[in-house]
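Visitor: Please pick one part of this model and look at it closely, with the cut-offs behind each term, so that I can follow it on the screen.

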Amino acid sequence: MADTVTMGVKLDAKTKKRLKSLGALKDRSPHYLMREAIAQYLEREELIERERRITLERWQKYELTGEAIDHARVSDWIEKLTIGEQPPHPKN
């Protein structure tokens, strides 16, 4: 089992009650629900940050090189994807 640490979270009474109620419905403890919520939040936010970093790197590359894929070629590629074809990615 991974090392664990205890962290305190201050919740208002309404949120605590909601956690207990949902936990009872799902036969889970409030502790489980909080851990699951935190894990899902971290996954989602880390993905957003990875995508943001990739987008920024692509933008910086575009600013340096001016290389881009023509809109019409991208639109054609997407259209083929929507009808079930598997065309190669458009390239410059």
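Guide: What follows stays mostly with helix H2, and then turns to some residues beyond it.

The model is predicted, so local features need pLDDT of at least 70 and side-chain atom pairs count only at pLDDT 80 or more, while totals for chains, interfaces and linings use all residues. Residues are numbered from 1 along each chain as its sequence is written, and side-chain values use heavy atoms, with hydrogens and water left out.

Helix H2 covers residues 30–65 (helices are DSSP runs of H or I with at least four residues, numbered from the N terminus). The largest pocket holds about 610 Å³ of space (a pocket is an open set of points on a 1 Å grid over the protein atoms alone, where a 1.4 Å probe fits, with protein on both sides within 12 Å along at least five of seven lines; lining residues have an atom within 4 Å of a point). Its lining consists of 18 residues, and those closest to the centre are Met7, His31, Met34, Arg35 and Ile38. Helix H1, residues 13–26, and helix H2 each supply at least two residues of this lining, but the greatest contribution comes from H2, with 9 residues. By residue class, the lining of the largest pocket is made up of 12 nonpolar, 4 polar and 2 charged residues (Ala, Val, Leu, Ile, Met, Phe, Trp, Tyr, Cys and Pro count as nonpolar, Asp, Glu, Lys and Arg as charged, and the others, Gly among them, as polar).

Tyr41 lies in helix H2, and its relative accessibility of 43% is why Tyr41 counts as partly exposed (buried means under 20% relative accessible area, exposed over 50%, and partly exposed in between, with a 1.4 Å probe and protein chains only).

Charged side chains give the next part of the picture. Side chains of opposite charge can pair when their charged atoms come close. The model has 4 salt bridges (a side-chain nitrogen of Lys or Arg within 4 Å of a carboxyl oxygen of Asp or Glu). One of them pairs Arg44 with Glu45, where the closest N and O atoms are 3.8 Å apart; Arg44 is partly exposed at 45% relative accessibility, and Glu45 is likewise partly exposed, at 27%. Another links Arg52 to Glu49, with 2.9 Å between the closest N and O atoms, and these two residues of helix H2 stand 3 residues apart, about one turn of the helix. Arg52 has a relative accessibility of 48% and so counts as partly exposed, as does Glu49 with 40%. A further salt bridge joins Glu57 and Arg53, whose closest N and O atoms are 3.4 Å apart; both residues belong to helix H2, with a spacing of 4 residues, again about one turn of the helix. Partly exposed is also the class of Glu57, at 43% relative accessibility, and of Arg53, at 42%.

Some residues outside the helix complete the view. Asp27 sits in the loop between H1 and H2, and although Asp27 is not a glycine, its phi is positive, about 55°; with a relative accessible area of 70%, Asp27 is exposed. His89 and Pro90 both come in the segment after helix H3, residues 71–82. His89 is exposed, with a relative accessible area of 56%, whereas Pro90 is buried at 17%. From C-alpha to C-alpha, Pro90 is 39 Å from Ala37, the two being 53 residues apart in sequence, and His89 is 46 Å from Pro30, at a sequence distance of 59 residues.

Key
Points joined across faces, edges and corners; volume = space filled by probe spheres on them.
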